Amino acid sequence: MSRVPPVMSGATARAAVVAILIAGGPIAAAGAAPATAPAAQATAPTVVRCGRLVDVRAGVTRRGVTVVVRGEAVESVLDAGAPPPAEASVIDLSSLTCLPGLVDAHTHTFLQPGDYDVQLLKQSLPRRTLQAAAAARALLGAGFTTIRDLETEGAMYGDADLRDAIADGVVPGPRMQVATRAISTTGNYALLGYAPEVAVPKGVQIADGPDAMRKAVREQIQYGADWIKVYGDYRTFKPTGEILDLRVTMTPEEMGALVDEASRRHRPVAAHCYGDDAARQAIRAGVRSVEHGLFLDETTFRMMLEKGVYYCPTLTAYRTSYDENRTDAWKKVDDAHRESFRRALRLHVKIASGSDAGDFPHGNAGRELELMVEYGMTPVEALRAATLTDADLLGWQDRIGEIAAGKMADLVAVEGDPLADIAAVRQVRFVMKGGAVYRDDLGRAR
Ligand SMILES: [Zn+2]
C-alpha cells in the first residue's frame, strides 16, 4: 500500500466491487479453462493467427504471424505464408495485435480502493479473499497473465492460497508469486492512531531486532512466501499529499538479518523505499528490488546498477493520487517521482513494471505502461519492462516474457498498435494463459 485512498462509503465500496467484476470481461468459467491443460489436449495443437505480433525482444511488429500452441506452451512461431499444422484448431485474431502476456510486478489483490482501516477492521478474511479473487480475475482480463503480489495488507497468508487456487484451476487469475504479510517495525505501519488500550490489526507483520526479523522471515516462508517484502522506510501522508514524516524503519542489523535469512532460504527481497537512506541500506543488505523510489538520487541508482537491483517505480499509484486530489503537495510527489524515473532511465537501471493495483481498481493496471511512456520510455521499452524485464525480476525468464517456442503460451490481443500508441495495451480483446483462453471478446474460443 502506498497512498492514502479517499474515504469511500460502504455503498460506494460495494459498487466498486461490482465494477471490478464487470471490468474483468467475459472470462470463461474456471472449470472450462484449466490453468494447466489436460494431457489429452496436449496432442492437439491450436494455431493463433495474429494480424500483428509485437516481438518485444527485437522491438518490431511482425505481420501475418501464426503462433502454434501445444498444451500450455508455444510450439513455434510461424512467419506469414508458412503452413500451420493441418490438424490444428484455429483462433483467428487477424484483426488484432498480439502481445506476450503482461506481467504486473507490484499488486495487492487483497487491497481494494476505499478506506484502508475499514478493510482491516470491518471486513472478514473470507470477504477479503472473495474480493481478491475478483481482483485476480480483473487483472487477468486486463492482460496480466503473471503478477508479483507484494503483501496482503493484513489478510495474512491469503495470497498463497489464492496463488495455489489459481494454479489448481479453482478460480481464474494470473500465475502469482506472493510475499504474504510483509515486515516492518513497531510504529512503522498502519493501523496507527488508535488509543493504546485498543488492540487493532496491522497491515504487515511487525518485528523488532535481528532475531525477530529472522523468525518473521521463517514464518512467512513456512506459510508460502515466494518473496519477502520489507518496509525500508515509512511515511505519513496527509490526504492532501504532504509527507509529514519519512523515516527509516530498521537498523542496518535488522535489515541485514532479514535479507540474510531470506537469502539463505533462496527468497528474494523487495524493499519499499521512498528515499535514499532506506534504499541505500536495503541495497547494501542485498535486496533484489526497490519499490516506488519516489525520491532517489543518482548515487543510489548507481549503487543499484552496480548490484543489479531492479527499480519498480509504480507510477500509477502516485499519479492517481494527484489526479484525484489535484493538490500542490501531490504534484510535488508526482514531479519528484517523474524525475527519479528519468534519472533511472538515463542511467540504464533495470526498470520493472508494477502498478501498485489495489490502491486503484485492478482492471486499470495497464495505465502503468502509459505513464512509463509519458515519463520518458518509448512504447517498446515500456512493453519490455512489463514482459522481459519483469520475467527476469521474477526469475522466470525461461518461462514467460515473450511469445517464443518453448515458453508458456501467454498471449494477449489488443485493438490498435501499441508501438504507435501505448494506450492500445488497455484495449484488450483476448487473453490466453498457459494455452487456455480466459477472455475472448470476439467469441472465437475453441
Ligand atoms: Zn504496494
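Author: A crossing of two helices is left-handed if the near helix is turned anticlockwise from the far one by less than a right angle, and right-handed if clockwise. Helices (DSSP runs of H or I, at least four residues) and strands (runs of E, at least two) are numbered from the N terminus. This is a predicted model, in which local features need pLDDT of at least 70, side-chain atom pairs count only at pLDDT 80 or more, and totals for chains, interfaces and linings use all residues. Residues are numbered from 1 along each chain as its sequence is written, and side-chain values use heavy atoms, with hydrogens and water left out.

Reader: Which handedness does the crossing of α5 and α6 have?

Author: The crossing in which α5 passes α6 is right-handed.

Reader: Why are α5 and α6 called roughly parallel?

Author: The axes of α5 (residues 210-222) and α6 (residues 252-264) cross at roughly 30 degrees and come within 8 Å. Angles under 35 degrees count as roughly parallel, over 145 as roughly antiparallel, 65 to 115 as roughly perpendicular and the rest as oblique. The two helices α5 and α6 are therefore roughly parallel.

Reader: Which residues make the contact, and how do they divide by class?

Author: Contact means heavy atoms within 4.5 Å. On the α5 side the residues are Pro210, Met213, Arg214, Val217 and Arg218; on the α6 side they include Glu253, Glu254, Ala257 and Leu258. The contact of α5 with α6 has 6 nonpolar, no polar and 7 charged residues. Here Ala, Val, Leu, Ile, Met, Phe, Trp, Tyr, Cys and Pro count as nonpolar, Asp, Glu, Lys and Arg as charged, and the others, Gly among them, as polar.

Reader: What makes α11 oblique to α12?

Author: Helix α11 (residues 367-374) packs against helix α12 (residues 379-394) at about 135 degrees, with the axes 9 Å apart. That angle makes α11 oblique to α12. The crossing of α11 and α12 is right-handed. In this contact, Leu369, Met372 and Val373 of α11 meet Pro379, Ala382, Leu383, Ala385 and Ala386 of α12. By class, the contact of α11 with α12 has 8 nonpolar, no polar and no charged residues.

Reader: Why is methionine 156 called partly exposed?

Author: Buried means under 20% relative accessible area, exposed over 50%, and partly exposed in between (1.4 Å probe, protein chains only). Methionine 156 has a relative accessible area of 33%, so methionine 156 is partly exposed. Methionine 156 has a positive phi of about 55 degrees although it is not a glycine, and lies in the loop between β7 (144-149) and α4 (158-167).

Reader: How do you know whether arginine 326 is buried or exposed?

Author: Its relative accessibility is 53%, so arginine 326 counts as exposed. Arginine 326 also has a positive phi of about 55 degrees without being a glycine. Its place is the loop between α9 (315-325) and α10 (328-346).

Reader: Which residues of α4 are buried, and what covers them?

Author: The buried residues of α4 are Gly158, Asp159, Ala160, Leu162, Arg163 and Ile166. Their cover includes α3 (125-141), β7, β8 (175-178) and β18 (428-433). After α4 comes glycine 169, with a positive phi near 80 degrees.

Reader: How many helices and strands are there, and what share of the residues is buried?

Author: The chain has 12 helices and 19 strands. Of its 446 residues, 57% are buried.

Definitions and conventions: Axes fitted to C-alpha atoms, helices over the stretch in contact; angles between N-to-C directions.
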